[in-house]
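Here is a short note to read beside the model. Please keep the sequence and the 3D view open while going through the points.

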Amino acid sequence: MGTVTNSLKGAFRIGQTVSVLGRAGVNWVRGDRPPAPRLLRQTFESLGATYIKLGQFIASSPTFFPKEYVEEFQYCLDRTPSLPFSVIRKIIRDELGRPIEDVYSDIDPVALASASIAQVHAAKLVTGEDVVIKVQKPGVENILLTDLNFLYLSAKILETLAPKLSWTSLSGIVEEIQRTMLEECDFIKEANNLKVFREFLHNTHNEDATVPRVYESCSTRRILTMERFHGVPLTDLESIRGYARDPERTLITAMNTWFSSLTQCEFFHADVHAGNLMVLKDGRVGFIDFGIVGRIRPDTWQAVSDFISTVMVGNFEGMADAMIRIGITHQKVQVAELAADLRRLYQQMDTMVPDEVPYQAEQAEDDVNNILMDMVRIGEGHGLHFPREFALLLKQFLYFDRYVHILAPEMDVFMDERLNMLH
């Protein structure tokens, strides 16, 4: 009976998806709705968890999607209304398999945060420790599987109808999305990520950064109980000054920790937005939320490292060579021609933004975004397709670039000797 019920739910879900996407398409053709990228983003947000996550995937994948879609999906927020506490309480009780009062002396019924996959509540263990409980919302995994199977089938059909699309491997992109999303639904994997990163900090004698401790006795695949951090986001300069005497040094600690994880940890934190990097009351940097991590092969990282080094000195042939090693191609790429296009891009940038124009933080961030997307576009024009991990890396660099503008606007990221970007 359960299988039949799930099949019916799946059929209904697919019907709902087709209906909403169909209406969006008709409205778009009529021309009585916003431009296509915004319309698609709004449609995704109305379809719920899977499509919100898909929108965020688009936002972080300039190597896969057109620039206007990458920019629009930056607004695809993963904030949803909280479920009633009675629902959350039942999930916690079912997962624990014992009375809640045996584990927690108190749980705040008002959620600290609510996203499409989970919501978070502050609590206190019976042993006195302050914790947060991350609780997976009911039915999320089934919805993800149903939606993603539908998208995978659609991608395969599109690739059959339009053979040129098979090179971009739409179905491969959907498979990658499915893998990352389902990993986010497994809190045991996230708990293991936290433990691995804690071990990395210990092995590198890093006492200036930390991650929450996991309480395994009250964590399962669907609930994760972690130490609660008290602090402020890395972008809150005024509050940071109350916890750290030197905000610039705090930022350098965060960046060096992340850079060293690229070579000394089995993964890197792949979502270092301000909500996931905190300055704690004791001045340490707290990394939280390890649901999304990236893994990069040593040879790819060496090519990325070479790419950064050549950007620093303006070596366009070196940049072109590194891009070819990072990318995937079915054809021979001419280094000299790619280098010439990169040089033209830089010359255009110098013309567009003269030295005498005053610095504006928001504009600078847009410029970096645009530069990276232009570089990707140029690479693709030469037959290169870049792996998603490269996009994830670029996105984290963009986040850190933002933090530099806020906390240390005078700092030269490429020349500052305190930063170990390539080690």
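Is phenylalanine 267 buried or exposed? Phenylalanine 267 is buried, since its relative accessible area is 2% (buried means under 20% relative accessible area, exposed over 50%, and partly exposed in between, with a 1.4 Å probe and protein chains only).

1. Basis of the note. This is a predicted model, in which local features need pLDDT of at least 70 and side-chain atom pairs count only at pLDDT 80 or more, while totals for chains, interfaces and linings use all residues. Residues are numbered from 1 along each chain as its sequence is written, and side-chain values use heavy atoms, with hydrogens and water left out.

2. Overall make-up. The protein has 15 helices and 11 strands (DSSP runs numbered from the N terminus, with H or I over at least four residues for helices and E over at least two for strands). Of its 423 residues, 48% are buried. Contact means heavy atoms within 4.5 Å; among contacts between residues at least 6 apart in sequence, 65% join residues at least 24 apart.

3. Helix 8 and helix 10. Helix 8 (residues 187-203) packs with helix 10 (residues 247-264) at an angle of about 100°, and their axes are 11 Å apart. Axes are lines fitted to C-alpha atoms, for helices over the stretch in contact, and angles run from 0 to 180 degrees between N-to-C directions. The two helices are therefore roughly perpendicular to each other (65 to 115 degrees; under 35 is roughly parallel, over 145 roughly antiparallel, and the rest oblique). Helix 8 contributes Phe197, Phe200 and Leu201 to the contact, and helix 10 contributes Thr257, Ser260, Ser261 and Gln264. By class, this contact has 3 nonpolar, 4 polar and no charged residues (Ala, Val, Leu, Ile, Met, Phe, Trp, Tyr, Cys and Pro count as nonpolar, Asp, Glu, Lys and Arg as charged, and the others, Gly among them, as polar).

4. Aromatic rings. Rings of Phe, Tyr and Trp (its six-membered ring) pair if their centres lie within 6.5 Å; planes under 30 degrees apart count as stacked, over 60 as edge-to-face and the rest as tilted. This rule gives 11 aromatic pairs. In one of them, phenylalanine 197 and phenylalanine 267 have ring centres 6.3 Å apart and planes at 25°, so the pair is stacked. Phenylalanine 197 lies in helix 8 and phenylalanine 267 in the loop between helix 10 and strand 8 (268-269), 70 residues apart. Phenylalanine 197 is buried, at 0% relative accessibility. Phe197, Phe200, Phe267, Phe287 and Phe290 form one aromatic cluster.

5. A residue in helix 10. Threonine 250 is found in helix 10. What does threonine 250 touch, not counting residues up to four places away in sequence? Threonine 250 touches Leu234, Ala244, Val279, Gly283 and Val285. Its relative accessibility is 7%, so threonine 250 counts as buried.

6. Positive phi. Histidine 205 is not a glycine, yet it has a positive phi of about 55°. Histidine 205 sits in the loop between helix 8 and strand 5 (209-210) and counts as exposed, at 70% relative accessibility. Aspartate 289, also not a glycine, has a positive phi of about 65°. Aspartate 289 is in the loop between strand 10 (285-287) and strand 11 (293-294), and it is partly exposed, with a relative accessible area of 32%.
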